[in-house]
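Biologist: Could you walk me through the aromatic contacts and a pocket here? I would like to learn how to read them.

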Amino acid sequence: MSTPHAIVAGGLGVIGRNLVTYLADTLGWRVTAISRRSPDFDTKATYVSADLLDETAAARALAEAGPFTHAFYAAYQEHDDPRTQVEANLTMLQSFVKGVEAASPDLERVVLYEGAKYYGAHLGAFSTPAHEDDPRVMPPMFYYDQEDWLTGYAEGKSWDRVVLRPDVVCGFAIGNPMNLSMVIAVYAAICKELGLPLRFPGTATCYGKLAQVTDATQLAQGSAWAAIEAPEGEYNLTNGDIFRWNHLWKRIARHLDMDPGEPMPISLAEMMADKGPLWDSIREKYGLVDVPFEKLAAWGFGDFIFNCDWDVVSSTTRIRQAGFGTTVDSSAMFLKLIDEFRERKVIP
């Protein structure tokens, strides 16, 4: 088989960055990534800028970079208005897929990423473990619009699609704040600098509920499998274990030589709003990389995760039966990522 040429939309997000690195630097694929920013790391991949909200401009950029054999869509735009969020994210996917298809006569597969919001994890308690064919919840939900459009558009084509549904993807990425591991690491660094315990900032109920995450490295491995080996369909892809925050949080605190204290519900978005100057002093004191405080961590995302007063568990039976059986110890993953953030001078 000739060397695959992958195109990755969202190439510097926590999903995309780790996927690009794995495909290009580990597997030796030819990789082109789309991002509004230039990469801040050495990679064999090529990065290009393309406005996916502009179908004509996107088609031009993809035609120049193609042809491609495999496409991965990990781009995302956040909007407060649900209708705008649907419209923007659907438009970007449509521009991407149409442009890739036009540039790639030998396109084999498109991989689309969703998440546990597909099952209503953002709305409240839902049936767990969630299975890929569970009923949908009340829209708007842009995952539904993207999946339905892609499924219909792929009908009768020479290429097909696979949908992956990770949850709370954790990995190394700078300047992409939608990363729970970074939220925890930066919060811990601020608490430690202020001489405070590492109190769980969410509700006491959430502290005891079951939770799950997806290691970005494992997701990259699963994405390569999805592109080449997986039967067409939808697959949950998480670490394969579940945990309770009241166990994991204490392990994180011990790893950082901190007292976990007792849970104390706070709004991270509110409490961190004035911590920019403090972080500037921390960065200077410890010689950390120069990342704007507002780009370090998505505090609102942390508030959502730490206030889920219900179990969040997805079944991984389908993906394991289909042939991808890799599992990750979530506790070990968090500790490893914290060490990596330290080594790379993102946190003290």
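Biologist: Which residues form one aromatic cluster?

Modeller: Tyr 187, Phe 200, Tyr 207, Phe 243, Trp 245, Trp 249, Phe 306 and Phe 334 do. Rings of Phe, Tyr and Trp (its six-membered ring) pair if their centres lie within 6.5 Å; planes under 30 degrees apart are stacked, over 60 edge-to-face, and the rest tilted. By this rule the count comes to 24 aromatic pairs. Keep in mind that this is a predicted model, where local features need pLDDT of at least 70, side-chain atom pairs count only at pLDDT 80 or more, and totals for chains, interfaces and linings use all residues. Residues are numbered from 1 along each chain as its sequence is written, and side-chain values use heavy atoms, with hydrogens and water left out.

Biologist: How is the pair of Tyr 118 and Tyr 144 arranged, and what does it tie together?

Modeller: That pair is edge-to-face, at 5.0 Å centre to centre with 85 degrees between the planes. Tyr 118 lies in the loop between strand 5 (109-113) and helix 4 (142-154), and Tyr 144 is in helix 4, so the pair links parts 26 residues apart in sequence. Helices (H or I, at least four residues) and strands (E, at least two) are DSSP runs, numbered from the N terminus. Both tyrosines, Tyr 118 and Tyr 144, are buried (under 20% relative accessible area; exposed is over 50%, partly exposed in between, with a 1.4 Å probe and protein chains only).

Biologist: And why is the pair of Phe 243 and Phe 334 edge-to-face?

Modeller: Their ring centres are 6.3 Å apart and the planes stand at 85 degrees, so the pair is edge-to-face. Phe 243 belongs to strand 11 (residues 243-244) and Phe 334 to helix 14 (residues 330-343), so parts 91 residues apart in sequence are tied together. Phe 243 is buried, with a relative accessible area of 8%, and Phe 334 is buried too, at 2%.

Biologist: Where does a charge sit over a ring?

Modeller: The test is NZ of Lys or CZ of Arg within 6 Å of the ring centre and within 35 degrees of the ring normal. The charged end of Lys 157 sits over the ring of Tyr 153, 3.5 Å from its centre. Arg 344 lies over the face of Phe 172, at 4.0 Å from the ring centre.

Biologist: What lines the second largest pocket?

Modeller: A pocket is an open set of points on a 1 Å grid over the protein atoms alone, where a 1.4 Å probe fits, with protein on both sides within 12 Å along at least five of seven lines; lining residues have an atom within 4 Å of a point. Of the 19 lining residues here, Asn 18, Phe 172, Thr 217, Leu 337 and Glu 340 are the closest to the centre of the second largest pocket. Helix 1 (14-26), helix 7 (216-228) and helix 14 each supply at least two lining residues.
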